[in-house]
Amino acid sequence: MFPFLAIDFETTGSVPGFRNEPWQLGAILMPESGGLPAAQMFESLLRISPDRPFNRYTPGRHAQLRRQLAVAPTLGDLWPVLAPHLGSLPVVAHNIGTERTQLRSVAPLHTKILWIDTLALARSAWPSLASYALEDLIPDLRLQPILESIFPGRAPHDALYDAAACALLFEHLLSLPSWSHLSAQDLSSLSRRNHR
């Protein structure tokens with residue numbers, strides 16, 4: 001096991017005339033010893049203009065949080081919290097496209113991140129599953145009770161909950177005998193090969 005940063009953004013979704021913007025961030029700094037209780041956790045709402053529409057299919061509790069979102073910090077404001085870990089630790093996310101896009105929007109020159117995609121790795125580890133959505137994988141792999149004990153009352157499409165789910169999924173993958181010897185670089189390469 002090696003230390004890593006698990007990260008998740010919840011976004012507005014695509015709406016004509018508006019770019020897809022993040023409205024919530026969850027990040028978990030996982031230690032080399034592993035285990036969510038030992039992890040350092042960070043979460044924040046992110047500023048969205050009060051009149052900015054969300055895609056009508058966007059999941060999450062953003063509708064109840066519009067007043068808080070109007071005065072929340074921007075992703076740029078939070079960059080000093082994230083920057084020390086980016087480039088020094090592998091960054092793990094489930095379907096990394098959203099997370100990579102959002103981080104590049106605030107720091108386009110910050111390109112030295114070693115990305116590991118748990119979606120691609122799950123497809124490789126369990127090729128015959130019906131769904132690889134994070135909210136399906138966690139119960140299928142019997143990881144739900146761990147998440148519920150740490151985050152009672154939270155659910156998928158909450159950024160910190162999903163970052164924790166991603167971290168648990170990644171730890172579970174690394175506990176498999178055929179995966180435990182792989183380095184961060186190996187896993188990053190494997191996730192790139194299996195991304196589709």
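Start at the largest pocket, which has a volume of about 420 Å³. On a 1 Å grid over the protein atoms alone, a pocket is an open set of points where a 1.4 Å probe fits, with protein on both sides within 12 Å along at least five of seven lines; the volume is the space filled by probe spheres set on the points. This is a predicted model, where local features need pLDDT of at least 70 and side-chain atom pairs count only at pLDDT 80 or more, while totals for chains, interfaces and linings use all residues. Residues are numbered from 1 along each chain, and side-chain values use heavy atoms, leaving out hydrogens and water.

Now select Asp-8, Phe-9, Glu-10, Thr-98 and His-157, which lie nearest the pocket's centre among its 17 lining residues (an atom within 4 Å of a point). Strand E1 (4–11) gives the most to this lining, with four residues. Strands (E, at least two residues) and helices (H or I, at least four) are DSSP runs, numbered from the N terminus.

Finally, show helix H2 (75–82) beside H3 (97–106). Leu-75, Gly-76, Trp-79 and Leu-82 in H2 meet Gln-102, Leu-103 and Val-106 in H3 (contact means heavy atoms within 4.5 Å).

Methods. Axes are lines fitted to C-alpha atoms, for helices over the stretch in contact, and angles run from 0 to 180 degrees between N-to-C directions.
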